[in-house]
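Hi everyone, thanks for coming.

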Amino acid sequence: MKKIINKKYSVIYDDTTNTIICSGVMRLNGKTEYEPILQLFKQIVQQEPSQITLNLQQLETINSYGISMLGQFISSLERKKTIKLLLQGNKNISWQQKWINNFQRLMPALQFEWI
Amino acid sequence: MKQIFGEYAEETVKSKEFLKIGFTPNSTQLQQRWRNNGLSADFLADYLTTFFPIDDNEPSTLQRATELKGAVSYIANELLENSMKFHNPNDDYPITLEVKLYNEHLVLCVTNSISPANLLKFQSIIHDLEHIEPQELYVRQIKQASKNDGNSSGLGLLTIIDDYEAKIGWKFETIQTQKPTEQTLVTTMVQLSI
């Protein structure tokens, strides 16, 4: 289990199920502040699990750099080709409704479900 | 000197409901000020819900109010973050954010000073937004952000236009000041249907 926990948000990786759970409000200041999360994502990709689940069900608010960070992670999986991605979203959170199509554009094989 | 880009509309009918926030970005630490962007954006979004009452017998009113709150919170936060990235750090000209409510739309405006170097960069971003297809620009910006060390995603204005179907425009104007001699201000205006 790897964790980044802040007052406003958390990113938790459960390596028994290969599930990343992002929650809360992510409005960090660009690459500088998102770097620890980007590094955690890189470490997970380097472990080369066959599938990763990215659970965004409780990620209520995000800024554009946060969206970019998730996009960078998804693009890195697309380049890798060997890791499947299941994205779990919340249809009541408007930014997720708007972004699922763009994430699928970055990784056409991405699987997606509203939970 | 004044230059207009995009869909920028000077106010012809006075708004009867509006709220304006102003602050000087250099007066507190960046980290603290950054946190205030989110607080200010959420406050504006909450404040506007007063004008969109929810009728328990009409589920669509709740959905509309929720959508509008989410949109205003996201857009106001992105406008504030942008203004802090592009403002001129060598002056103490305040950044202002204003929301104005009209019968059929609302307007969000942020005004900040801008340095000559940032002015060119900002106008190049506007050029890309006006000339490149959104889907192509999304992919390009995400790829660039992964290579760059900068703190800009290049997605903020693009998401406002494309995800929220908003009209956006910019006004650049030069004003006379005592120090140094003149200052360029940029106002970014976002119009949302309600």
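When I say helix or strand, I mean a DSSP run numbered from the N terminus, with at least four residues (H or I) for a helix and at least two (E) for a strand. Before we go on, please note that this is a predicted model, where local features need pLDDT of at least 70 and side-chain atom pairs count only at pLDDT 80 or more, while totals for chains, interfaces and linings use all residues. Residues are numbered from 1 along each chain as its sequence is written, and chains are lettered from A and ligands numbered from 1 in the order in which they are written.

Back to H5(B), which covers residues 156-163. How many of its eight residues are buried? Six are, so we call this helix mostly covered. Buried means that 20 or more other C-beta atoms, placed from the backbone, lie within 10 Å of the residue's own; 12 or fewer is exposed, and anything in between is partly exposed. Among the buried ones are Leu157(B), Leu158(B) and Ile160(B).

Leu158(B) also takes us to a neighbour: leaving aside residues within four places in sequence, Pro134(B) is in contact with Leu158(B) and Asp162(B). Contact here means C-beta atoms, placed from the backbone, within 7 Å. Pro134(B) belongs to helix H4, residues 134-147 of chain B, and counts as partly exposed because it has 14 other C-beta atoms within 10 Å.

Now find H1(B), residues 30-48, and H2(B), residues 59-86. Their axes come within 8 Å and cross at roughly 150°. The axes are lines fitted to C-alpha atoms, for helices over the stretch in contact, and the angles run from 0 to 180 degrees between N-to-C directions. Nonpolar covers Ala, Val, Leu, Ile, Met, Phe, Trp, Tyr, Cys and Pro; Asp, Glu, Lys and Arg are charged; the others, Gly among them, are polar.

A nonpolar core is a set of buried Ala, Val, Leu, Ile, Met, Phe, Trp, Tyr and Cys residues joined through C-beta atoms within 7 Å. This one has 61 residues, and Ala76(B) is one of those with the most contacts inside it. Not counting residues up to four places away, Ala76(B) touches Leu97(B) and Leu108(B), among others.

How do the two chains meet? 20 residues of chain A are in contact with 26 of chain B. H2(A) gives the most on chain A's side, with seven residues. That side divides into five nonpolar, 11 polar and four charged.

Asn18(A) has phi near 55° and sits in the loop between strands E2 and E3. Glu48(A) has phi near 50° and is exposed, because 9 C-beta neighbours lie inside 10 Å.

Conventions. Contact = placed C-beta atoms within 7 Å.
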